[in-house]
Amino acid sequence: MSQNLVMDSKQLKWVYLLSLAFIWGSSFILIKKGLVGLSAFQLGSLRIIFAAIFLLLIGFQSLPKIPKEKWKYIALTSLFGTFIPAYLFAIAETEIDSSITAILNALTPLNTLILGALFFGITFQKRQIWGVFIGLIGSILLVFNGAINNPGHNYYYAILVIIATICYAINVNLIKRFLSGLSPLSITTGNFVVLLLPALSILFFSDFFEVIQIDKVQHSVLFIMILGVVGTGIANVLFFKLIQMSSPVFATSVTYLIPIVAFFWGLLDHEILSPIQFIGAFIILIGVYLSAKK
C-alpha cells in the first residue's frame with residue numbers, strides 16, 4: 001500500500017510539472033498579446049486582480065487555516081513570488097520577445113540554488129557551481145546576440161527578467177522553509193488577498209478606466225483574464241503543491257520545459273531566434289541541469 005502511494009506521488013509530481021510547463025510556457029505569449037492594448041502596469045495589476053477574484057471564490061474558506069504568525073511569510077511570498085515579477089515581466093516584454101523572456105526565466109533554478117546555499121542552508125556541490133557559471137555564460141550569449149541582431153529592442157530590459165527570477169528563487173525557498181505545513185490553496189489565496197488592494201490602487205491611478213471602451217483594450221483584457229485565472233491562480237496552487245511534494249530545485253526545474261512551450265508559441269507569432277541565441281539557450285539549460293541534478 002505504501003509503495004503504491006510513493007509511486008502515485010512520484011507520478012503525480014511529473015503530472016504537475018508538465019501541466020505547469022504548458023501553462024507557464026503559454027503565459028509569455030499572453031503577456032505579449034495583453035501589451036497590445038494595455039500598459040505594463042495595467043497588465044500586471046489586472047493579472048493579479050483576476051487571479052485574486054478567482055482564488056477568493058474557490059479558496060476563501062481556506063484563509064482561517066493560516067496561523068497568525070504565518071501571515072508575515074504569506075506577505076513576503078506574495079511580494080517576491082507574484083507582485084514584483086508580474087510587473088517586471090510585463091515591462092520586459094515591452095522591449096524583448098516573449099521567447100527570449102521565457103528562456104531567461106530558466107535561470108530560476110540556478111538562483112534558487114545560490115540563494116538556498118547562501119541563506120537557507122542548502123549545500124553546494126562542485127558540479128552545481130559549474131552549472132551556475134555555465135548558465136550565466138549562456139544568458140550573456142543570449143542577451144548580447146539578441147541586442148546585436150535586434151537594434152530596435154532595448155536588451156537592458158533583460159535585466160528585469162533576471163531580477164524576477166531572483167524573486168522567484170526567494171519565494172520558493174521561503175515556501176519550503178516556512179510554509180510547508182499549509183495547504184497550497186491557503187498559501188495562494190492568502191498571497192492574493194494581500195496583493196488585491198495594492199494592485200487595485202495601481203490600476204486606479206493608471207488611465208485604464210479611461211480607455212476600457214477601446215476594442216483592442218478589451219481584447220487585451222481577455223488575454224490577461226486567462227493569464228490571471230489559469231496562468232497565475234491555478235498555476236500557483238499547482239506549483240506550491242509541487243514544492244511541498246518534491247523539493248525547491250525540482251519544482252523550479254519546470255523552467256527547463258517552459259522555454260520549449262514558449263518558443264513554439266513565439267514561432268506561431270513570427271518570433272525567430274538566431275543560431276547563436278539557440279546555442280545560448282542550450283547552454284542555459286545545460287547549466288540548469290547541472291545545478292539541479294542530484
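Which residue forms a salt bridge with Lys32, and how far apart are the closest N and O atoms? I started my notebook with that one. Lys32 pairs with Asp269, and their closest N and O atoms are 2.8 Å apart. Lys32 sits in helix α1 (residues 2-34), while Asp269 belongs to the loop between α12 (258-268) and α13 (275-292), so this pair ties together parts that are 237 residues apart in sequence. A reminder to myself: this is a predicted model.

**Entry: the rest of the salt bridges**

I wanted the total next. How many salt bridges does the count come to? I found three.

Glu271 also reaches Lys32, and their side chains meet in a salt bridge at 2.7 Å, N to O. Glu271 is in the loop between α12 and α13 and Lys32 is in helix α1, so here the parts tied together are 239 residues apart in sequence.

Then I turned to Lys33. Its side chain meets that of Asp269 in a salt bridge, with 2.8 Å from N to O. Lys33 is in helix α1 and Asp269 is in the loop between α12 and α13, so this pair joins parts that are 236 residues apart in sequence.

Put together, I have Lys32, Lys33, Asp269 and Glu271 linked in a network of salt bridges.

**Entry: how covered are these residues?**

I checked accessibility for some of the network. Lys32 is partly exposed, at a relative accessible area of 25%. Lys33 is partly exposed as well, with 28%. Is Glu271 buried or exposed? I noted Glu271 as buried, because its relative accessible area is 4% and the cut-off for buried is under 20%.

Which residues of α12 are buried? I listed Ile258, Pro259, Val261, Ala262, Phe263 and Gly266.

Most residues other than glycine have a negative phi. His270 is placed in the loop between α12 and α13. With a relative accessible area of 70%, His270 is exposed.

**Entry: a nonpolar patch on the surface**

Which residues form a nonpolar patch on the surface? I wrote down Ile129, Trp130, Phe133, Leu136, Ile140 and Phe144, which together have about 650 Å² of accessible area.

Leu136 is found in helix α6 (residues 126-149). I have Leu136 as partly exposed, with a relative accessible area of 48%.

**Entry: two helix pairs**

At what angle do the axes of helix α3 and helix α8 cross? Helix α3 covers residues 71-92 and helix α8 covers residues 184-205; their axes cross at roughly 55° and come within 8 Å. That makes α3 oblique to α8. I also noted that the crossing of α3 and α8 is right-handed.

The crossing of α4 and α7 is right-handed.

**Entry: distances along the chain and in space**

I finished with two pairs of C-alpha atoms. How far apart in space are Phe223 and Gln128? They are 38 Å apart, C-alpha to C-alpha, and 95 residues apart in sequence. Phe223 lies in helix α10 (residues 215-245). At 31% relative accessibility, Phe223 counts as partly exposed.

For the other pair I took Asn149 and Gln277. These are 128 residues apart along the chain, and their C-alpha atoms are separated by 9.9 Å. Asn149 is found in helix α6. Asn149 is partly exposed, with a relative accessible area of 41%.

Key. Residues are numbered from 1 along each chain as its sequence is written. This is a predicted model: local features need pLDDT of at least 70, side-chain atom pairs count only at pLDDT 80 or more; totals for chains, interfaces and linings use all residues. Side-chain values use heavy atoms; hydrogens and water are left out. A salt bridge is a side-chain nitrogen of Lys or Arg within 4 Å of a carboxyl oxygen of Asp or Glu. Helices (H or I, at least four residues) and strands (E, at least two) are DSSP runs, numbered from the N terminus. Buried means under 20% relative accessible area, exposed over 50%, partly exposed in between (1.4 Å probe, protein chains only). Patches are made of residues with over 30% relative accessible area and no salt bridge: like charges are joined within 9 Å, nonpolar side chains (Val, Leu, Ile, Met, Phe, Trp, Tyr) within 5 Å. Accessible areas come from the Shrake-Rupley method with a 1.4 Å probe; for residues, only the protein chains shown count as cover. Axes are lines fitted to C-alpha atoms, for helices over the stretch in contact, and angles run from 0 to 180 degrees between N-to-C directions. Angles under 35 degrees count as roughly parallel, over 145 as roughly antiparallel, 65 to 115 as roughly perpendicular and the rest as oblique. A crossing is left-handed if the near helix is turned anticlockwise from the far one by less than a right angle, and right-handed if clockwise.
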